[in-house]
Amino acid sequence: MLETVIEAGADGVMTTFGVMKKYRNLIAGRVPVTLRLDGGPSLYREDWLAYTEWELLHSVEDALMLGASAVVLMAFIGIPVELKTLQIVASVASECMQANLPLLVEALPCPSPRIPDAKDSLAMASAARLAFEHGADYIKTYYTGSPESFRTVIENCPVPCLIAGGPRMNTVEETLEVVAGAMAAGASGVVFGRNIWQHNNPAGMVRALQRVIHGGASVAEAMQELG
């Protein structure tokens with residue numbers, strides 16, 4: 001899969017320590033890699049966005065040793081680990097600045113008594129802003145459903161924002177419409193996983209995403225990459 005998406009022209013790869021350690025000879029020098037440094041319990045213990053524990057698992061030194069171009073951390077807003085994740089972001093931001101290594105923060109409002117709708121534009125904008133305030137160089141967050149609502153996120157965050165794909169969407173058209181809407185609102189790109197590698201034509205998906213993000217193509221034009 002790494003070979004497929006790199007050859008298709010992916011701008012970068014976000015991955016884990018183990019994958020980078022195993023496959024760095026395949027990746028090195030071909031595409032920038034963003035390495036995840038943090039983590040929490042598996043889904044066998046706790047649900048996604050409902051974590052009670054979260055830790056820094058790897059270091060900036062590890063990222064430099066493996067040849068990463070950037071690192072990524074989580075900032076969960078509205079659940080018990082909120083402060084822990086913000087502490088990790090703040091600490092790693094300082095180390096990244098010294099190492100001249102960009103820091104991507106995945107800033108996510110989480111369903112909770114004070115956040116009844118995790119896709120609410122004000123909640124998403126607040127999460128992105130908090131991540132920026134604690135040191136993020138750029139943000140990964142969820143699309144809020146429309147260019148108008150996502151513009152609230154963009155306008156409240158002085159650093160570039162990219163959108164997460166989350167679970168695989170129902171259709172290619174839906175996926176590309178989300179991307180086109182985010183780009184129209186001022187997003188800087190996407191960080192997609194399952195919407196690429198769970199598709200039966202991942203290379204075509206990469207090319208289609210490129211046409212929307214870099215070429216300003218319409219959804220219909222981008223879908224030509226998938227036949």
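**View 1. Ser 149 and the residues it touches.** Skipping neighbours within four places in sequence, Ser 149 is in contact (heavy atoms within 4.5 Å) with Ser 121 and Thr 144. This is a predicted model, where local features need pLDDT of at least 70, side-chain atom pairs count only at pLDDT 80 or more, and totals for chains, interfaces and linings use all residues. Residues are numbered from 1 along each chain as its sequence is written, and side-chain values use heavy atoms, with hydrogens and water left out. Ser 149 sits in helix H6 (residues 147-155); helices are DSSP runs of H or I, at least four residues, numbered from the N terminus. Ser 149 counts as buried because its relative accessibility is 17%, the cut-off being under 20% relative accessible area with a 1.4 Å probe, protein chains only.

**View 2. The second largest pocket.** Its volume is about 220 Å³. A pocket here is an open set of points on a 1 Å grid over the protein atoms alone, where a 1.4 Å probe fits, with protein on both sides within 12 Å along at least five of seven lines; lining residues have an atom within 4 Å of a point. The volume is the space filled by probe spheres set on the points. Among the lining residues are Lys 119, Tyr 142, Thr 144, Met 169 and Glu 174. By class, the lining splits into 6 nonpolar, 4 polar and 2 charged residues.

**View 3. The largest pocket.** This one comes in at about 1,600 Å³. Of its 49 lining residues, Met 14, Lys 140, Val 191, Phe 192 and Gly 193 are closest to the centre. Helix H9 (residues 202-213) supplies the largest share of the lining, 4 residues.

How values were computed. Helices (H or I, at least four residues) and strands (E, at least two) are DSSP runs, numbered from the N terminus. Ala, Val, Leu, Ile, Met, Phe, Trp, Tyr, Cys and Pro count as nonpolar, Asp, Glu, Lys and Arg as charged, and the others, Gly among them, as polar. Buried means under 20% relative accessible area, exposed over 50%, partly exposed in between (1.4 Å probe, protein chains only).
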